[in-house]
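Student: Can we go through this model together? I'd like to start with contacts.

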Amino acid sequence: KALEPKGSKWHIHGWFCLLGCVMLMMYYTTVTGWMVSYFGKFLIGTFHAGMDTASASGVFGSMLSQPGRMAFWTEVVVIAGFLVCSFGLQNGLERISKGMMLALLALILILAIHSLTLPGAAEGMKFYLLPSAKSIEQYGLGTIITGAMNQAFFTLSLGIGALAIFGSYIGKDRALMGEAIHVIALDTLVAILAGIIIFPACFTYGLEVNAGPSLLFDTMATVFNHMSGGRLWGSLFFLFMTFASFTTVVAVFENIIASAMELFHIERRRACVLGAAFILLASVPCVLG
């Protein structure tokens, strides 16, 4: 609104940012609830040493068949997220995020090193990093490029609102180009490390190499079941994954709150209450689905 040329309609983009964030939170809060649930499962010993791959996969399927429990954890995530945001940016979001992200990054590095010591590490890393002409011929170059673009969109999809909102909070002492480079470097590093953790484990424990939630929930559960002290490492991993997904939730909630405050001219606490009520209702179809 402040920067658009007189008579233009660029301010309408703000509504699309708000809509995109709301649609994302309709399902992402459910996924964050899964993280919380798995942290609890490792903590109480649902997963244990020697548990076979099929049994570990069955836990995820069992969780999906219990919408009541999923709804409970989703509601906890939504209420906690808006509660953090109600304290403001520095007292809420920034204070929560800093320690969580550093702890998660340290644990990811430890798990990546562990995966490289597994028997199937060499085969997994070849599958992960070496280009395959056979795959290009099988799936088609267009399909592979589309898959890469989908990954880029997903990993930075919050750009529809988050980069604009948080960019507006950055002081003049910080260069936007420098911050952009930090985002690109950290995002790419974590993505590469995630692949190093997952693919050697898939080839070591005979797990199917596919996409989607099973790569995280089935594969990582199997890894921890075969690790010394796996219950502890699994609890820590899903605790920090809860932190990671929760910081995303809080960041997007901040986008929703900031947009609501400007578009509807309401104060922060009221925006939090209205946002929480709406997201709680909007996430129900995803939980039931």
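Tutor: Contact here means heavy atoms within 4.5 Å. The model is predicted, so to speak of local features pLDDT must be at least 70, side-chain atom pairs count only at pLDDT 80 or more, and totals for chains, interfaces and linings use all residues. Residues are numbered from 1 along each chain as its sequence is written, and side-chain values use heavy atoms, with hydrogens and water left out.

Student: OK, what is D218 in contact with, leaving aside neighbours within four places in sequence?

Tutor: A56, S57, F60 and P213. D218 itself is found in helix α10; helices are DSSP runs of H or I, at least four residues, numbered from the N terminus.

Student: Is D218 buried or exposed?

Tutor: D218 is buried, meaning under 20% relative accessible area with a 1.4 Å probe, protein chains only. D218 has no salt bridge, which would need a side-chain nitrogen of Lys or Arg within 4 Å of a carboxyl oxygen of Asp or Glu.

Student: Where's the nearest side chain of opposite charge?

Tutor: That is K41, 11 Å away. Lys counts as positive and Asp as negative.

Student: Switching topic: how many residues has the largest nonpolar core?

Tutor: The largest nonpolar core has 40 residues. Such a core is a set of buried Ala, Val, Leu, Ile, Met, Phe, Trp, Tyr and Cys residues joined through side-chain atoms within 4.5 Å. Y38, M220, F237 and F238 have the most contacts inside it.

Student: And what does M220 touch?

Tutor: Not counting residues up to four places away in sequence, M220 touches L111, I197, I198, L215, F237 and F238.

Note on methods. Buried means under 20% relative accessible area, exposed over 50%, partly exposed in between (1.4 Å probe, protein chains only). Helices (H or I, at least four residues) and strands (E, at least two) are DSSP runs, numbered from the N terminus.
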